[in-house]
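Dear colleague,

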Amino acid sequence: MARTKADTTIPPSNSAVAKPPTEKKDRQFVTALARGLKLLECFTAEQPELSGSELAKRAKLPQPTVWRLCHTMLKLGVLVTVPGEKLRPGLPALRLGHSAIAGLGIAELARPHLQDLANSFEGAGALAVRDGLDMVVLQRCESDNRLLMNLRIGSRVPLSTSALGWAWLVGVSEEERAVAIAEIEAKDAERWAAAKREFARALAEYGTHGWIINTGVLHKGYNTCAVPVVAPDGTVPYAVNCGSAAVTLSPAKLRAEVGPRLVELAKMLRHGLSPQQLRPRVA
């Protein structure tokens with residue numbers, strides 16, 4: 001992959017990236033490894049291919065550092081080149097992600113129940129975990145309905161506008177919700193401004209019925225019901241949902257049939273949680 005002049009220009013000394021507190025205080029902390037992992041985190045389902053310049057900008061690292069890290073990961077196959085002088089994660093990186101997800105055995109526990117929901121309501125069901133301002137799909141089951149959202153295991157949806165995100169928000173304590181909403185307002189203000197009124201309604205409905213309804217907030221013409229999986233210690237390690245196109249699944253049907261079944265599924269998953277699954281992590 002050829003370097004452009006812009007890519008190889010060394011930033012002035014005042015543009016050097018300050019080390020985070022972890023690097024300064026922890027003598028065992030390997031900065032190069034942390035920065036390499038930070039580069040891998042820049043790739044998303046929406047943007048699986050990035051240039052060196054884009055990686056440097058997203059990771060807020062100097063170009064020479066990014067090129068050295070990328071060179072090493074290219075040699076190991078962790079990154080591969082694609083047309084247009086861009087990079088994407090290679091199979092070794094993908095294996096790490098799938099291994100992390102596979103280690104969360106609750107995904108397999110939920111799978112047959114999510115598939116039954118999907119088939120029963122001509123929709124799709126999912127299990128997800130929070131990661132920053134997103135919910136990451138750990139399990140996804142679909143019916144043969146062609147009018148479904150294009151999501152899969154590993155896909156991310158916003159905490160601010162998705163049913164899965166709302167389920168996490170309503171399930172946690174008021175204090176934790178306030179912290180998360182403050183972060184959303186700081187980093188995802190535009191989407192939150194358009195969604196917060198509907199979220200307030202969803203929060204009230206959760207208090208009454210134990211589920212939330214999201215009608216067209218994440219995706220116009222798509223209706224979803226979701227429920228938090230509340231662990232015995234009061235945390236919300238997961239959320240589950242079931243949804244479909246509005247022409248297939250009405251809000252009334254979500255409330256009358258889907259919501260109660262999701263509540264029961266969440267209770268079942270809660271009792272199936274092991275201590276290791278109470279604090280899930282996503283690679």
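**Charged pairs**

Arg130, Glu183 and Lys187 are joined to one another in a network of salt bridges, where a salt bridge means a side-chain nitrogen of Lys or Arg within 4 Å of a carboxyl oxygen of Asp or Glu. Before going further, please note that this is a predicted model, in which local features need pLDDT of at least 70 and side-chain atom pairs count only at pLDDT 80 or more, while totals for chains, interfaces and linings use all residues. Residues are numbered from 1 along each chain as its sequence is written, and side-chain values use heavy atoms, with hydrogens and water left out.

By the rule for salt bridges, the count comes to 12. Side chains of opposite charge can pair when their charged atoms come close. One of these salt bridges joins Asp131 to Arg156, with the closest N and O atoms 2.6 Å apart. This pair links distant parts of the chain, since Asp131 is in strand β3 and Arg156 is in strand β5, 25 residues apart; helices (H or I, at least four residues) and strands (E, at least two) are DSSP runs, numbered from the N terminus. Asp131 is partly exposed, at 27% relative accessibility, and Arg156 is partly exposed too, at 25%; here buried means under 20% relative accessible area, exposed means over 50%, and partly exposed lies in between (1.4 Å probe, protein chains only).

Glu205 and Arg255 form another salt bridge, with the closest N and O atoms 2.6 Å apart. Here, too, distant parts of the chain are linked, with Glu205 in helix α10 and Arg255 in helix α11 (residues 251–271), 50 residues apart. Glu205 is buried, with a relative accessible area of 13%, whereas Arg255 is partly exposed at 35%.

**Around Asp188**

The side chains of Asp188 and Arg191 meet in a salt bridge of 3.1 Å, N to O. Asp188 counts as buried because its relative accessible area is 12%, whereas Arg191, at 41%, counts as partly exposed. Which side chain is joined to that of Ser160 by a polar contact of 2.7 Å? The partner is Asp188, and a polar contact here is a pair of N or O atoms within 3.5 Å, of which, within protein, one must be able to donate a hydrogen and the other to accept it, while residues adjacent in sequence count only if both atoms are side-chain atoms. Ser160 lies in the loop between β5 (156–158) and α8, and it is buried, at 1% relative accessibility. Leaving aside neighbours within four places in sequence, Ser160 is in contact (heavy atoms within 4.5 Å) with Trp166, Ile184, Asp188, Arg191, Trp192 and Ala195.

**Aromatic rings**

Rings of Phe, Tyr and Trp (its six-membered ring) pair if their centres lie within 6.5 Å, and planes under 30 degrees apart count as stacked, over 60 as edge-to-face and the rest as tilted. By this rule the count comes to 2 aromatic pairs. The rings of Trp166 and Phe199 have centres 5.7 Å apart and planes at 70 degrees, so this pair is edge-to-face. The pair links distant parts of the chain, with Trp166 in helix α8 (residues 163–171) and Phe199 in helix α10 (residues 189–209), 33 residues apart. Trp166 is buried at 0% relative accessibility, and Phe199 is buried at 4%. The rings of Trp192 and Phe199 have centres 5.5 Å apart and planes at 55 degrees, so this pair is tilted.

**Nonpolar cores**

A nonpolar core is a set of buried Ala, Val, Leu, Ile, Met, Phe, Trp, Tyr and Cys residues joined through side-chain atoms within 4.5 Å. The largest such core has 31 residues, and those with the most contacts inside it include Leu164, Trp166 and Phe199. Its largest share, 7 residues, comes from α8. Apart from this core lies another, of 27 residues, among them Ile213, Tyr238, Leu262 and Leu265.

With best wishes
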